[in-house]
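Here are my notes for anyone opening this one for the first time. Have a look at the fold on screen, then read the points beside it.

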Amino acid sequence: MKKLLFRKLAKVLILCFLLIFFVISSFGCSLNPNHIAKNLSTYNMNLVFDETNFILNGNLQLNFKNNTETILNNLHFNLYPNAFRENSNQKVISLANKDKCYYNGISYGSIKIEKVYDQQNNDLNYEVAGEDENILIVELKNSVAPQNNTQIFINFEVTIPNANHRFGYGENTVNLGNFFPILCVYENGCWQDMFYYSNGDPFYSEASNFKVEIEYPNSYILASTGQENDLIKKDDGKKISVITANAVRDFAIVMSKNFSILSDKVGKTTVSYYSYNDENKQESLQVCLNAISTYNNLFGEYPYPEIKIVEANFVHGGMEYPNIVLISDDIPDYQSYIYCIAHELAHQWWYGVVGNNQTEYAWLDEGLTEYSTALFFENHQEYGLNMDMLVERANSSYNVFQTIYGNVLGNIDTTINRSLEKFNTEPEYFYMVYVQGFLMFQTLNEMIGDKLMFASLKNYFEDYAFKIAKPEDLIGSFEKTTHANLETYFTNYLNGKVIEFKDKV
Ligand SMILES: [Zn+2]
């Protein structure tokens with residue numbers, strides 16, 4: 001009898017354990033983009049790439065979900081390609097990098113809005129407005145209430161400039177970053193119209209779903225955000241990629257005739273490395289795998305099924321988009337190439353999954369990304385760098401910057417928390433946002449220790465996944481986890497006071 005009771009009890013206990021295990025493991029999978037997809041806007045796009053003229057024709061059908069608390073009468077879209085047009089007031093490149101970007105001489109790009117209409121094929125009133133033709137405003141026939149949907153259609157034509165830029169074509173790749181009309185973020189009672197700056201990544205958007213079909217010549221290999229579900233070969237030497245992506249905040253494409261692809265898996269994510277000029281491509285793929293695995297462990301698992309790392313013609317070191325990063329083919333040494341891969345992949349966590357206004361608070365993703373890159377090297381010292389070396393490098397290069405620029409300009413503005421247009425020079429932006437941003441997180445790590453540091457970042461990642469975080473949200477995540485008041489620490493750093501203090505010592 002006792003034996004029978006014991007067996008029954010054991011069975012119940014096993015069942016309880018299994019139930020608890022099931023609950024815990026299903027919580028662990030809670031960061032699933034497919035779970036939130038139905039609550040987001042969806043961009044359905046048909047694109048046709050004309051390789052002779054470097055023109056992209058597009059039809060966008062937007063299913064807009066009003067996730068604001070306001071009844072909306074109009075929608076605003078950013079028209080980033082118009083920053084590349086002739087006589088634009090927006091700067092897409094600094095003077096120092098102009099020749100490298102426009103290696104064939106100056107070239108222009110743009111986006112032309114051809115037609116805007118509704119489901120019944122009625123034309124909708126629209127205006128290409130903003131400070132510099134950077135915004136499309138569409139008047140809705142019927143206003144859309146909170147939590148309701150509306151559907152609009154936009155036909156557009158994109159001219160791609162001959163430029164080694166995130167939007168442009170070079171000798172090996174066609175880079176389509178920020179190429180389509182993308183919704184502005186509605187915040188504080190108005191649409192946040194973005195303006196293009198040569199410093200930083202002046203982009204800001206909400207997580208959305210994408211269903212994209214693109215027709216292009218057979219000779220090209222394409223890498224993009226999301227997953228390719230189908231590849232339709234046509235008789236006319238062209239093919240169509242059918243691509244979907246759920247809960248991503250942008251959609252980018254890179255095409256090349258010369259790509260070779262290497263792939264492997266980290267956890268649930270397939271990692272693919274596209275290159276044309278890399279002699280160490282197997283090693284580069286390993287760097288990608290190691291970086292993703294490091295960040296998975298430190299911050300929380302990457303929630304998307306695919307990620308592509310793409311060698312590209314690009315004037316700067318690298319550029320991040322959801323599920324895809326560009327790494328310049330013009331990086332002078334292999335260790336810097338590794339650094340760039342680790343940096344751009346860290347952005348998948350900070351910018352990609354956890355979004356932020358990159359114009360207003362560039363440090364929020366860049367500072368955290370630089371700190372994450374240093375953590376990658378600390379965890380993979382076989383690549384010849386570690387945290388101490390990177391801290392020393394940051395401090396000494398900052399001192400050189402301060403001496404040189406201090407002598408030239410007299411006073412340097414050491415504020416980290418500034419919007420892009422308020423940085424006077426490219427070096428000032430770099431040293432404040434990247435270098436001081438990194439040191440701010442690294443010093444905090446030293447103060448609170450690894451356990452609390454990584455617990456805070458895990459909480460921040462989980463709480464703001466697929467959302468937009470503000471500086472106070474990041475500080476709040478640290479305070480909630482550490483039970484310490486860190487407001488003063490952060491504001492002193494962000495307002496540049498730590499540097500002033502250092503100056504006086
Ligand atoms: Zn970055």
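**Notes on the model**

1. Let's begin with a loop: N121 sits in the one between β4 (110-118) and β5. A quick word on naming: helices (H or I, at least four residues) and strands (E, at least two) are DSSP runs, numbered from the N terminus. Also, this is a predicted model, where local features need pLDDT of at least 70, side-chain atom pairs count only at pLDDT 80 or more, and totals for chains, interfaces and linings use all residues. Residue numbers start from 1 along each chain as its sequence is written.

2. Back to N121, which has a positive phi of about 65 degrees although it is not a glycine. Is N121 buried or exposed? It is exposed, with 8 other C-beta atoms within 10 Å. The cut-offs are 20 or more other C-beta atoms within 10 Å for buried, 12 or fewer for exposed, and partly exposed in between, with C-beta atoms placed from the backbone.

3. A247, though, is found in strand β16 (residues 238-248), and it counts as buried, with 24 C-beta neighbours inside 10 Å.

4. Now the sheet that β5 belongs to. Four strands form an open sheet in the order β5-β6-β3-β10, with antiparallel pairing. β5 and β10 (182-183) stand at the edges with a single partner strand each, so one side of each has no neighbour in the sheet. Pairing here takes at least two bridges found by DSSP between two strands.

5. Which strands make the hairpin? β5 and β6 do, with five residues between them, and G130 in the turn has a positive phi of about 80 degrees. Strand β5 (residues 126-129) is joined to β6 by four bridges in the antiparallel sense, and V128 has L136 as its bridge partner in β6. On to the next pair: strand β3 (residues 72-78) and strand β6 (residues 135-144) run antiparallel and are joined by six bridges. There, N78 is partnered by I135, while F77 stands opposite L136.

6. The other sheet to look at has five strands, is open and has mixed pairing, in the order β18-β19-β20-β22-β21. At its edges are β18 (260-266) and β21 (318-321), each with a single partner strand, so one side of each is left without a neighbour in the sheet. Neighbouring strands of this sheet are turned by 15 degrees against each other on average, direction ignored.

7. Helix α4 (residues 281-299) touches β18, β19 (269-275) and β20, and its direction makes about 145 degrees with that of β19. Helix α5 (residues 334-346) lies across β20, β21 and β22, at about 155 degrees to β22. Axes are lines fitted to C-alpha atoms, for helices over the stretch in contact, and angles run from 0 to 180 degrees between N-to-C directions.

8. Next, the helix pairs. The axes of helix α6 (residues 362-379) and helix α8 (residues 426-464) come within 7 Å and cross at roughly 65 degrees. That makes α6 roughly perpendicular to α8; on this scale, under 35 degrees is roughly parallel, over 145 roughly antiparallel, 65 to 115 roughly perpendicular, and the rest oblique. Among the residues that meet are W363 and Y371 in α6, and F438 and F441 in α8.

9. α8 also packs with helix α9 (residues 471-482), at an angle of about 130 degrees and with the axes 8 Å apart. The two are therefore oblique to each other. The contact includes L452 and Y460 in α8, and L474 and F478 in α9.

10. Last, A394, which is in helix α7 (residues 387-409) and is buried, with 20 other C-beta atoms within 10 Å. Leaving aside neighbours within four places in sequence, A394 is in contact (C-beta atoms, placed from the backbone, within 7 Å) with V435, F438 and L439. A394 and Y431 are 37 residues apart in sequence and 8.8 Å apart in space, C-alpha to C-alpha.

Technical notes
Two residues are in contact if their C-beta atoms, placed from the backbone, lie within 7 Å.
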